[in-house]
Structure formats: C-alpha cells, structure tokens
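Hi everyone, thanks for coming. I'd like to walk you through one structure today, so please have it open while I talk.

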Amino acid sequence: MSVVSRILRVAFGAARPVSHPSVGKLLWVAVLVWAAGLPGRAGEHLSAKARNVVLILSDDHRYDFMGFHPGAPAFLETPNLDRMAREGAHMANAFVTTSLCSPSRASILTGQYMHRHRVVDNQRPVPAGTVFFPERLQQAGVRTAFIGKWHMGHDSDESQRGFDHWASFRGQGDYFDQELNINGEHRRFRGYNSDTLSDLACEWLGERKQEDRPFFLYLSYKAPHYPFTPAPRHAGRYAGQMVPYPETMARTERNYRTQPRWVAERRNSIHGVDHMETGRYDGDPVPDFEALFRGYCEAVHSLDENIGRVLRTLEDSGLKDSTLVFYLGDNGFHLGEHGFYDKRDAFETSMRIPLLAWGPGLIKPGTRIESMVLNLDLPPTILDVFGVPSDRADRFDGRSFLPLLRGRQIPWRDHFVYEYQWEWNFPATPTQYAIRTERYKYVHYQGVWDIDSFHDLATDPAERHNLIAVPAFQAQIAELRERLFQELEDRNGLVLPVRPPRGERLDQRKLIEPLFR
C-alpha cells in the first residue's frame, strides 16, 4: 500500500486501499495539507519540523545555584547556564516528584511517579518490563544515544533499551580516570569525569552533522554530586569567598520550635551539619561546612564550563538551529537549610530543580515560565518536539510543556504530589507524602511518631514556620490531606514495595546534647 493510500485510509476510514489517481485534484491537495500537520508515526519518517534534542542532566544541582538566579551566591559563575536562560527559557518553578537520584532518573525516562515505575531507592536496577521513552523515539526513526551516569542499579554498566549508542559506568563512578562501557567495550579515560563525558558527547554530535536523521542525546553528568569535586583547573577558585549561612541552619530552639522532631534530629545524622563539625576524633568525611559549600560551587562552575562545550559544538557543527537543548538537575540539594546537606525530603531546596530550555527559533529569548513543571513532564515534551504521539503503553503521569515554551496559554496543573520512601541505608529521613499548590504545601510523615507539616510558601518561603497546629488553617489542611491521599489511592500509589536491605547502612547518630528534652 502506498503512503498516499495509507493517508487516505486514515483520513476517510476507507475499508480498503484507495487508489489515488481516482481522487480529484482538489481533494488530493486538501489531503496533503491535512497530512502535513500529522505527528510522525512509529516506523515512518518524521515531519520536516522535527528537531534534534539534547537532554543534559546533572546530579544534585539545586535550583538557585545559577549565576543569573537572585538566590545564587554572589561569587558563583555559570556563564553558559546564564546564556541558556537569556537566549531560551527558564522554568522558574520546576520540581522533582521524588528527590532521590534513581527514582528521579526513572521518572525522567518513564514520565511516571515512583509508585508507578517502582524504582524506590538507589540500590536496585529498574524492574523488568519498564518502558523508557527513547524506545518510542527509536521506533520513530530517531537516532538515540546515552552518555554518562545511568545510576539505576549500582552493579551494572550494561547498555539499556532505547539507545543506539551507549557510554556509561557503574553506580556513582569516579571523578577521575573513569572506566566506561562504550557499546560493550570497556575503556579507561584519563582525566576529569565531566571533561571525559563532554569529549564523548561532542565527538558523537560532530558525527551527526553529516546525517539527515534526527537525533536524541541524553548526556548525564556525575557532577556536582558529593564529594563536590571540581576540575583541577578550578580547585580553589572560590577559596576565601564568604559563605552565606541560611537562616534555617541555626541550632536554636526558636528555629525548630514548630518543626517535626525528626527535622531537628536529622542534624545529627550523616546528612546533618552537626554530624560534620563535632570534633576531630569523629572521622566524619565532611569536616567543614564552608569547604563543602565552596567545593560545591566550584564543581557547579566546572559543570557549566562543560555544558558550554556542548553548546559550542552544536554551533560549530551547524546543528544549533535544528536542536533543542534541555538542562535539569535530578533533584535539589540542601546546603545548610534546616541543618541538612542532602535531599530526600519535601522541603523546597530538596524538591526544586534547575530547568532550562535553549532552542533558537523555537523559544523566545528570555522566556520565564512560572507554571509548575515536573521532571516527569520531560518524556511527553520530548516526544511532542519530535511529533511522536504517545502510546497507551507509555502511561505518562506528566504532560508536554512544549506549548508553554512556545508562549501559548494552556490549562495547567495547580498542584502536584510528592513522595519519598524510607531507606534502610539512610534511616534518618521518614517516608513522606506531600501535596504542593502554588502557595501551600502539606506534608504527611509515615511510620514515625511525629507531627505533619503545613507551610505558607508566600509568607514563609524558607519553610521555617510549620503552621500545622494553627486553628485558622485546619480546614485547608484537612482538604489538602484528603486530596493527597485520594489521588495516591486512585493511582494505587499507597502500595509500595518493601525492599530487602542492601548496600551500606549509614545510621549512626552523633552524641550531641539534644535540642529538645
């Protein structure tokens, strides 16, 4: 059957192939005009409007540590991320639905909540039968590649479904002299991890300029994940710079007066600031908060420099005008907020992420999107860019924000649900279910004898004052609690797997005089 006949069957529901010479000239032109607007189908050529996509992911980069952001340290330099925001779009309210590496990465690849894709911690691989959206791109004729940190299952660097080209390493990898599995062949590369991954990405992109076939590159950096390590050329770049201490870092009764007890107690855990600075005999791997903070900023600067290399390669290869670049972090990160240096919980600095889009000719320069965009919105958005329709098997919980990038006003979410499951490896953070609206956030803590949280983000953006016991808010709290659990129940999100213990357990508390008696 000819392509023309297939088009006519789709258009008019013909019971058998239509021979196009029998179609009048006017009807034939009308059909072609109609067909030109159809999205591409699996196995067929994509439309001429299809663009290439580069998705760049970093690890633990918090939402406000970009030079252009008003919340960034004054000394932090990120000229390439600043450029992406200036020439493209900044999603100013971007979030993850689980602030933990592997669950978030699974959401980015599946478009699903953790309770759907079932990747609940960093210790185990993806469940069999999981569908990644790059598989749909492959079926539509897009060339796909993954380069960098996979980090779903510590013990494997084997290639995954959906990628024609593969270059990755096991688990967290190493900041220097990394060994990678490149399409089944293991090779060790001398030098800094981000430099190596950028070399491989730029090489692969350079090979695409001779092709007409659209491509999708998923470039996943290790940086700036702990231990926050910059390239040697940037080590000490911010030495001596004044480190700002967040107001919620104070070890005072006033700071924790209305917070759940677990928040104050987590200060003494492996992810707490009191754990790191209690004495030289403790052997803590993070002995100094200010050194930690500066190292993080230097690692972000090294990351930014490498992102700039990717952007320049697209320009030098003549691919800039046909490529849409997304940049995001896999979760947020506390740097002293509430006494933490970690993620996992439902506080803003944990669940908010940087999200930028750079696409010359597609996005109006300087676009700022205030709508709440989620990590699980990436799969339907990228399929939308390529004109690949979603399939029932995709079962996306997210939705495409491509219309927002194009400046269109469309109905959008006014809230979303957050979830985190307690980990045997890091037991200081309880299971959490949260619902966040544009102004308010309610958090339920499961399996711990404690109070819940309710915050007014407009009057208390630092979430220092828990309003859970304030009488004036009780009706609103009850409404949000009911909506949260109804949505989770409707999605079968209240039944999560309990995993057998695996990996190292970091459960020791420092012996410190408690804030509360």
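This is a predicted model: local features need pLDDT of at least 70, side-chain atom pairs count only at pLDDT 80 or more; totals for chains, interfaces and linings use all residues.

I'll go through the sheet, the helices on it, some aromatic pairs, and then one histidine.

Ten strands, 10 in the order β6-β5-β4-β3-β7-β1-β8-β9-β2-β10, make up an open sheet with mixed pairing. At its edges you'll find β6, residues 185–188, and β10, residues 367–374, each pairing on one side only. From one strand to the next, the twist averages 15 degrees.

If you zoom in on β3, residues 143–149, and β4, residues 165–169, you'll see that they run parallel and are joined by five bridges. Within that pairing, Ile-147 has Ala-167 in β4 as its bridge partner.

Now, what lies on this sheet? Helix α13 packs on it, touching β1, β7, β8 and β10, and its direction makes about 160 degrees with that of β1. Helix α3, residues 79–87, lies across β2, β8 and β9, running at about 65 degrees to β9.

On to the aromatics. How many aromatic pairs does a search of the whole structure find? The count is 31. Take Phe-146 and Trp-150: their ring centres are 5.2 Å apart with 85 degrees between the planes, an edge-to-face pair. Both residues are buried, Phe-146 with a relative accessible area of 1% and Trp-150 with 4%.

Another edge-to-face pair is Phe-326 with Phe-401, with centres 6.0 Å apart and planes at 80 degrees. I like this one because Phe-326 lies in strand β8 and Phe-401 in the loop between α13 and α14, so the pair ties together parts that are 75 residues apart in sequence. Phe-326 and Phe-401 are buried too.

There is also a cluster linked by ring pairs, including Phe-65, Tyr-226, Phe-289 and Phe-333. And please look at two arginines over rings: Arg-208 lies over the face of Trp-204, 4.4 Å from the ring centre, while the charged end of Arg-352 sits over the ring of Tyr-63, 4.2 Å from its centre.

Last stop, His-301, in helix α11, residues 289–316. Is His-301 buried or exposed? Its relative accessibility is 8%, so His-301 counts as buried, the cut-off being under 20%. The side chain of His-301 reaches the backbone oxygen of Glu-77 at 2.8 Å. Beyond its neighbours within four places in sequence, His-301 is in contact with Glu-77, His-234, Arg-237 and Tyr-238.

That's my tour, and I'm happy to go back to any view.

Note on methods: Residues are numbered from 1 along each chain as its sequence is written. Side-chain values use heavy atoms; hydrogens and water are left out. Helices (H or I, at least four residues) and strands (E, at least two) are DSSP runs, numbered from the N terminus. Buried means under 20% relative accessible area, exposed over 50%, partly exposed in between (1.4 Å probe, protein chains only). A polar contact is a pair of N or O atoms within 3.5 Å; within protein, one must be able to donate a hydrogen and the other to accept it, and residues adjacent in sequence count only if both atoms are side-chain atoms. Contact means heavy atoms within 4.5 Å. Rings of Phe, Tyr and Trp (its six-membered ring) pair if their centres lie within 6.5 Å; planes under 30 degrees apart count as stacked, over 60 as edge-to-face and the rest as tilted. A charge sits over a ring if NZ of Lys or CZ of Arg is within 6 Å of the ring centre and within 35 degrees of the ring normal. Two strands pair if DSSP finds at least two bridges between them. Axes are lines fitted to C-alpha atoms, for helices over the stretch in contact, and angles run from 0 to 180 degrees between N-to-C directions.
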